Amino acid sequence: MEKFCLTKKKSIRINEDTWIIIFEEYLDFLPGQFVMLETPKLVRKPFVLGYWEDNLAISVQVKGKGTKWLVEETRKVKGHGPLGNGFKKDGKGILIVSPTCLTMVNAFRKKVNVDVLVGSKTPVLVPLEFDVVVGNEEFLNKISTLPEYDWYLVSGSKSMEKVCWNHLRGKNVYFSLEEYMGCGIGACKSCAVFTKNGVKHVCTDGPIFRGDELCWS
């Protein structure tokens with residue numbers, strides 16, 4: 001893990017509330033790893049690392065002042081990382097993601113053999129070479145008719161996670177969890193999740209977990 005300062009090259013709007021931020025610098029990381037970035041008042045937020053247009057990039061869903069500051073205001077941002085565990089699987093897999101994970105997709109495509117399905121609640125504003133469905137009904141129809149893969153990795157909202165688990169249970173399914181975290185290194189314990197093997201922390205034990213390891217309620 002290292003501390004760094006990233007320089008924003010540009011932001012690209014992806015849909016109603018999600019942007020991609022492209023940086024000028026380069027970081028060496030594994031697919032699935034994330035960084036903690038500082039926002040005003042020193043609040044840190046986790047963002048999964050990825051690429052866009054062959055540049056280091058993150059996807060940001062604007063949910064409040066901190067994420068809005070990242071997208072619209074600052075040019076420089078402090079952070080530390082890469083954090084968490086990388087993910088690598090043999091065989092042919094599929095990434096099922098929301099637009100907030102598009103940059104992560106490009107990191108995976110460099111390392112593993114995957115198809116990609118993007119599910120979005122609102123229209124996607126940029127051309128994508130992936131399979132994209134808009135709306136809940138269309139997403140459900142697509143999930144219900146997926147061909148067989150060696151593994152499945154889901155990264156999106158809590159509702160997307162539950163829908164995918166209900167449809168893919170019994171298969172080799174993994175979930176990249178998004179939880180609030182303050183440090184990213186296991187000190188604050190705020191990203192604790194209950195699993196069948198006890199309490200684990202998304203930052204140090206994840207962020208990717210097997211679906212059958214998680215406690216679904």
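Before anything else I noted what pairing means here: two strands pair if DSSP finds at least two bridges between them. Strands (E, at least two residues) and helices (H or I, at least four) are DSSP runs, numbered from the N terminus.

Ground rules: this is a predicted model, so local features need pLDDT of at least 70 and side-chain atom pairs pLDDT 80 or more, while totals for chains, interfaces and linings use all residues. Residues are numbered from 1 along each chain as its sequence is written, and side-chain values use heavy atoms, with hydrogens and water left out.

Entry, the open sheet. I read its 6 strands in the order β10-β9-β8-β11-β12-β15, and the pairing is mixed. At the edges I found β10 (131-134) and β15 (208-210), each pairing on one side only. The twist averages 20° from one strand to the next. I then looked at β9 (residues 113-120), which runs parallel to β10 over 4 bridges. There V118 sits opposite V132 of β10.

Entry, helix α1. In α1 (residues 65-73) I listed G66, T67, W69, L70 and V71 as buried (under 20% relative accessible area, 1.4 Å probe, protein chains only). Their cover includes β1 (2-13), β2 (18-23), β3 (34-38), β4 (44-48), β6 (55-61) and β7 (76-83).

Entry, N55. I placed N55 in strand β6. Why is N55 counted as buried? Because its relative accessibility is 18%. Its side chain reaches the backbone oxygen of E53 at 3.0 Å. Leaving out residues up to four places away in sequence, I have N55 touching K9, I22, F23 and G50 (contact: heavy atoms within 4.5 Å).

Methods: Buried means under 20% relative accessible area, exposed over 50%, partly exposed in between (1.4 Å probe, protein chains only). A polar contact is a pair of N or O atoms within 3.5 Å; within protein, one must be able to donate a hydrogen and the other to accept it, and residues adjacent in sequence count only if both atoms are side-chain atoms. Axes are lines fitted to C-alpha atoms, for helices over the stretch in contact, and angles run from 0 to 180 degrees between N-to-C directions.
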